[in-house]
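Have a look at the sequence and the 3D structure below.

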Amino acid sequence: MKLTSFKRALWVFHVSTGSCNGCDIEIVAALTPRYDVERFGIRLVGTPRHADVLLVTGTVTRPMAERLRRIYEQTPDPKAVVVVGGCGATSGVFYESYNVLGPVDEIVPVDVYVPGCPPRPEAIIDGVVKAVAKLEKLAAGEPV
Amino acid sequence: MRELEKTFQVPIGPVHPALKEPIRFTFQVEGERIVGVDIKPGFAHRGIEFMGTKRNLIQVLYLSERICGICSISHPIALTQAVENAAGIEVPPRAQYIRVIVSELERIHSHLLWAGVAAHELGFDTLLHLTWKVREKVMDILEEITGNRVDYAIPIFGGVRRDITPEQYPQVQDMLRYYRGLFEELAERFLRDASVEARTRDVGVLTPEEAEALSAVGPTARASGLRKDVRQDWPYLVYGDLGIKAITPEDYGTETRGDVYDRVIVRLLEVAQSMDIIERCLEDMPAGEITSIPKVPALLAQLKKAEGEGIGRHEAPRGEVIHYIRLEAGKEEPVVWKVKAPTYSNLMSWVPMFRDQEIADIPIIAASIDPCMCCMDRVHLVRAGRDELVWKEKLLALSREKTKRIQSRVTASGPRVTALSPRSADHGGEA
Ligand code: SF4
């Protein structure tokens, strides 16, 4: 499906499960005037219960795994999960540790991976747009 | 009063983008007043030091950069110094200058980032957007010089990985002009705005004695009047030649009170100081080699032979970072690697800062030390044994309501400080 316009505004909840902050500040950069995703109706919300998309950054540490699972469950369907950054996708440089449970997809299902360490804000926006495509298919009852 | 002690928890797991990693606060409150606080960090613990002792030193260098994406040159700078001390590796002068320039660029981006977060916590989102908009300029320069906006991969044992080319000089100078032109505006918005002043003056006070006793570092210590700065006290790289002076609120011409307002002053003046350092470095930087051991296999071989221990310290944007390393001959990986990040030293300053403050001031006080492990998405209220979950939005709403209340009171009275004092201006000149 080619996306020419958004049917509705998109609310995003950001979870850091053990990131180094590198990806997190690039997400904020995407929200602020140079990139300004709010003009497309994409905005961050303060609770997963209001969110359409979960943006997850970082490899998953032991104490955060359970919390990530809970946040995923609290997010209403239809939802999409976007992993921002290399360490959320593959654990990146964080391997062989007693406190790292692995990449995000070991814990919750993931729809879009945005590579980079950290990815540029443009890449993050592209990842969210891919997630919208999935959500709109789900809303239209098409197979994803 | 129904019950004297109510527990107010701020667990952080779900993350606010502005304040990053997870940490949990437990507040004891009486009505709106905070009487005690307990802090539980550790949610973002990845076991980095442990991983480091299983990899070769160059891999450790890349790992150290990912301790923190905001101070992503501070950790490598401390680590390279520790390893260079242990292994007796020289760093050519040009490389030292380049390390200093990138460190100071990082300080500019980090302090601007913080100023935006602080504005957001107070409810001035316009100011958040303004500061983050102007921050993009230094991000462009970082990208131009290092090839990446975050995680620059500039230091390597024995030097740096990239030179600053002559074509890049004018771009950096252009950035300096851009920020100098903006400085007055930022000072106006942050320091001479009556509502910002009312929300931050005498809020979250840390006295010099407390700062000293709790070993606070960086802007947190300097805002309490301690003239403490690794660049001044234990000069390393070329900082000794640059005549750095630790900045306190007195350099702005105001008396030191150790409150949130003073922390804003110190960080803004440090942005100006960093610009002067960069300018000076561009002028003084000699031509020459950028690394003493350009070939990575030769470097690895030399590191493998090294035996001994070393310490590296660096004044990161948030304060002193220390890396300790122990190498044994015949081993590629370090035997011991110990990292002390600045927020670790500053955490305990929250305890006196929160004392007797209002719940609505929690966001700005928490943010005021610029914690590198914090995000406040929801708070967990335990009142009379009943749990109440309050999200970050609620806490922020409380903070914003307070700003509104204050705004209606202060708009009549004018700003207190009307001009940048001459002292702060010539301080810039010295640095
Ligand atoms: S992908 Fe890289 S920048 Fe992003 S959180 Fe992981 S280590 Fe940090």
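## Where the two chains meet

Between chain B and chain A there are eight residue pairs in polar contact, both residues at pLDDT 80 or more. A polar contact is a pair of N or O atoms within 3.5 Å; within protein, one must be able to donate a hydrogen and the other to accept it, and residues adjacent in sequence count only if both atoms are side-chain atoms. On chain B's side, α1 (48-52), α2 (57-65), α4 (93-122) and α5 (125-146) each supply at least two residues that touch chain A. The largest share, eight residues, comes from α5(B). Helices here are DSSP runs (H or I, at least four residues), and strands are too (E, at least two), numbered from the N terminus.

Sorted by class, that side of chain B has 20 nonpolar, nine polar and 16 charged residues. Ala, Val, Leu, Ile, Met, Phe, Trp, Tyr, Cys and Pro count as nonpolar, Asp, Glu, Lys and Arg as charged, and the others, Gly among them, as polar. There are also four salt bridges between the chains, each a side-chain nitrogen of Lys or Arg within 4 Å of a carboxyl oxygen of Asp or Glu. You can look up Arg34(A) and Glu136(B), whose side chains form a salt bridge at 3.5 Å, N to O.

## How to read the model

This is a predicted model: local features need pLDDT of at least 70, side-chain atom pairs count only at pLDDT 80 or more, and totals for chains, interfaces and linings use all residues. Residues are numbered from 1 along each chain as its sequence is written, chains are lettered from A and ligands numbered from 1 in the order in which they are written, and side-chain values use heavy atoms, with hydrogens and water left out.

## A helix in chain A

Now find α4(A), residues 121-139: its 19 residues reach 27 Å from first C-alpha to last, close to the 27 Å expected at 1.5 Å a residue. That expected span is 1.5 Å times one less than the number of residues. Buried residues in α4(A) include Ile124(A), Val128(A) and Leu135(A), where buried means under 20% relative accessible area, exposed over 50% and partly exposed in between (1.4 Å probe, protein chains only). After α4(A) comes Gly141(A), with a positive phi near 75°.

Met64(A) sits in helix α2 (residues 62-74) of chain A, and it's buried, with a relative accessible area of 0%.

Over in chain B, Asp276(B) belongs to helix α12 (residues 260-284). Asp276(B) counts as buried because its relative accessibility is 13%. The side chain of Asp276(B) makes a polar contact with that of Arg180(B), at 2.8 Å.
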